[in-house]
Amino acid sequence: MHDENNTVTGGCLCGQLKYQFEKNAVITTSHCYCTDCQKSTGSEKATIVLINDASLKIDGDVKYYTVTGTDGADISRGFCEDCGSPVVSYASTMDGIKFIKSGSLDESSWVEVTSNYWTSSANKWSKVDETISCFKQNPEF
């Protein structure tokens, strides 16, 4: 939940893993259609809130699974080791940035998605929102 202090909170399904960060740490929010995100979420995409990781405080144990992504970066996806909920991830090539899974936020009405990544991997049955920025692969930061 986010309050007047600008603090955003979230966590896993079972409540064993919780986090918080300051809303002003948000860099952007995006949909990622890469096949790894599809597999890790069990859905057509992952909606991720990119934040400055210096603001992120995690209470509980995060288990990470790391793979080498299509562009060559190591992607570490963090989840609750009890219930398996995906919560946070990061890329080896993006120092100082964490990706928060928007579905793990306690309150997400403030989230505004501004771009789509890996539209080249999007499924025909899940239309990409072309009214926002679209990138066939990863954008350059």
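## Pockets

Four elements, α1 (35-41), β4 (46-52), β7 (74-80) and β8 (86-91), each supply at least two residues to the lining of the largest pocket, where helices (H or I, at least four residues) and strands (E, at least two) are DSSP runs numbered from the N terminus. Among the elements, α1 gives the most to this lining, with 3 residues. The model is a predicted one, in which local features need pLDDT of at least 70 and side-chain atom pairs count only at pLDDT 80 or more, while totals for chains, interfaces and linings use all residues. Residues are numbered from 1 along each chain as its sequence is written, and side-chain values use heavy atoms, with hydrogens and water left out.

A pocket is defined here on a 1 Å grid over the protein atoms alone, as an open set of points where a 1.4 Å probe fits, with protein on both sides within 12 Å along at least five of seven lines; lining residues have an atom within 4 Å of a point. Grid points are joined across faces, edges and corners, and a volume is the space filled by probe spheres set on the points.

The largest pocket has a volume of about 370 Å³, and of the 23 residues that line it, D71, I75, F99, W118 and N138 are the closest to its centre. The second largest pocket has a volume of about 150 Å³; it is lined by 13 residues, of which T41, P86, K101, S102 and G103 lie nearest its centre. The table sets out the classes of the two linings, counting Ala, Val, Leu, Ile, Met, Phe, Trp, Tyr, Cys and Pro as nonpolar, Asp, Glu, Lys and Arg as charged, and the others, Gly among them, as polar.

| Pocket lining | Nonpolar | Polar | Charged |
|---|---|---|---|
| Largest pocket | 14 nonpolar residues | 6 polar residues | 3 charged residues |
| Second largest pocket | 4 nonpolar residues | 7 polar residues | 2 charged residues |

## Overall fold

The secondary structure of the protein comes to 1 helix and 11 strands, and read along the sequence these follow the pattern β-β-β-α-β-β-β-β-β-β-β-β. For 141 residues, a compact globule would have a radius of gyration near 14 Å, and the protein, at 14 Å, agrees with that; the radius is taken over C-alpha atoms, and the globule rule is 2.2 Å times the number of residues to the power 0.38. The C-alpha atoms fill a box of roughly 35 × 30 × 30 Å along the principal axes.

Buried residues make up 43% of the 141 residues, where buried means under 20% relative accessible area, exposed over 50%, and partly exposed in between (1.4 Å probe, protein chains only). Of the contacts with a separation of 6 or more, 51% are made by residues 24 or more positions apart, a contact being heavy atoms within 4.5 Å.

## Selected residues

V49 is placed in strand β4 and, at 0% relative accessibility, counts as buried.

W118 is found in the loop between β10 (115-117) and β11 (133-134), where it is buried with a relative accessible area of 8%. Most residues other than glycine have a negative phi. The phi of W118, however, is positive, near 55 degrees.

V113 lies in the loop between β9 (97-101) and β10 and is partly exposed, with a relative accessible area of 23%. Apart from neighbours within four places in sequence, V113 is in contact with T29, S30, H31, T47 and I132.

E81, in the loop between β7 and β8, is partly exposed at 48% relative accessibility.

## Cysteines

How many disulfides does the rule count? A disulfide is taken as a pair of cysteine sulfur atoms within 2.5 Å, and by this rule the count comes to 0 disulfides. C14 is in no disulfide, the nearest cysteine sulfur, that of C12, being 3.7 Å away; C14 is partly exposed, with a relative accessible area of 38%. C80 is likewise in no disulfide, and its nearest cysteine sulfur, that of C12, is 3.7 Å away, while C80 is buried, with a relative accessible area of 2%.
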